[in-house]
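Good morning, colleagues. Please look at the sequence and the model on the screen while I speak about helix packing and the nonpolar core.

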Amino acid sequence: MNEQEISEILLKENEEFRKLSQEHKHLKEILNDFNKKVHLTPEEEVEKKRVQKVKLTGKDRMAELVRDYKKSH
């Protein structure tokens, strides 16, 4: 079973994974909005970095859940 298949199963069966996935999509949209701008204010730069860190942390947790699922199945 590959990671995509496991992700689809976890989206259906695991509330934490589902919430992380939704948050990841939302943060990706926010980053896309920042990336569309030609110039960012210093405050926007700080917020962009914060969003990137939160997004990465969530992605790491999702990957951990996939690994745990692989081990247990």
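At what angle do α1 and α2 pack, and how far apart are their axes? Before the answer, a word on conventions. This is a predicted model, in which local features need pLDDT of at least 70 and side-chain atom pairs count only at pLDDT 80 or more, while totals for chains, interfaces and linings use all residues. Residues are numbered from 1 along each chain as its sequence is written, and side-chain values use heavy atoms, with hydrogens and water left out. Helices are DSSP runs (H or I, at least four residues), numbered from the N terminus.

To answer the question: α1 and α2 pack at about 105°, and their axes are 6 Å apart. Axes here are lines fitted to C-alpha atoms over the stretch in contact, and angles run from 0 to 180 degrees between N-to-C directions. α1 is therefore roughly perpendicular to α2, a term that covers 65 to 115 degrees. On the α1 side, Ser7, Leu10, Leu11, Lys12 and Glu13 make the contact, meaning heavy atoms within 4.5 Å; on the α2 side, Glu15, Phe17, Arg18 and Ser21 do so.

I turn to α1 and α3. Their axes come within 10 Å and cross at roughly 100°, so α1 is roughly perpendicular to α3 as well. Glu3, Ile6, Ser7, Ile9, Leu10 and Glu13 of α1 meet Leu65, Val66, Tyr69 and Lys70 of α3.

Which residues of α1 are buried? They are Ile6, Ser7 and Leu10, where buried means under 20% relative accessible area (1.4 Å probe, protein chains only). Seen down the axis of α1, these residues fall within an arc of 100°, so they line one face of the helix; the arc is that of the directions from the helix axis to the C-beta atoms. They pack against α2 and α3.

Next, the core. The largest nonpolar core has 8 residues: Ile6, Leu10, Phe17, Leu20, Met62, Leu65, Val66 and Tyr69. Such a core is a set of buried Ala, Val, Leu, Ile, Met, Phe, Trp, Tyr and Cys residues joined through side-chain atoms within 4.5 Å. α1 (3-13), α2 (15-36) and α3 (42-72) each supply at least two of its residues, and α3 gives the largest share, 4 residues. Apart from this core lies another, of 5 residues, including Leu27, Leu31, Leu40 and Val51.

Finally, Met62 touches Phe17, Leu20, Ser21 and His24, leaving aside residues up to four places away in sequence.

Methods: Buried means under 20% relative accessible area, exposed over 50%, partly exposed in between (1.4 Å probe, protein chains only). Angles under 35 degrees count as roughly parallel, over 145 as roughly antiparallel, 65 to 115 as roughly perpendicular and the rest as oblique.
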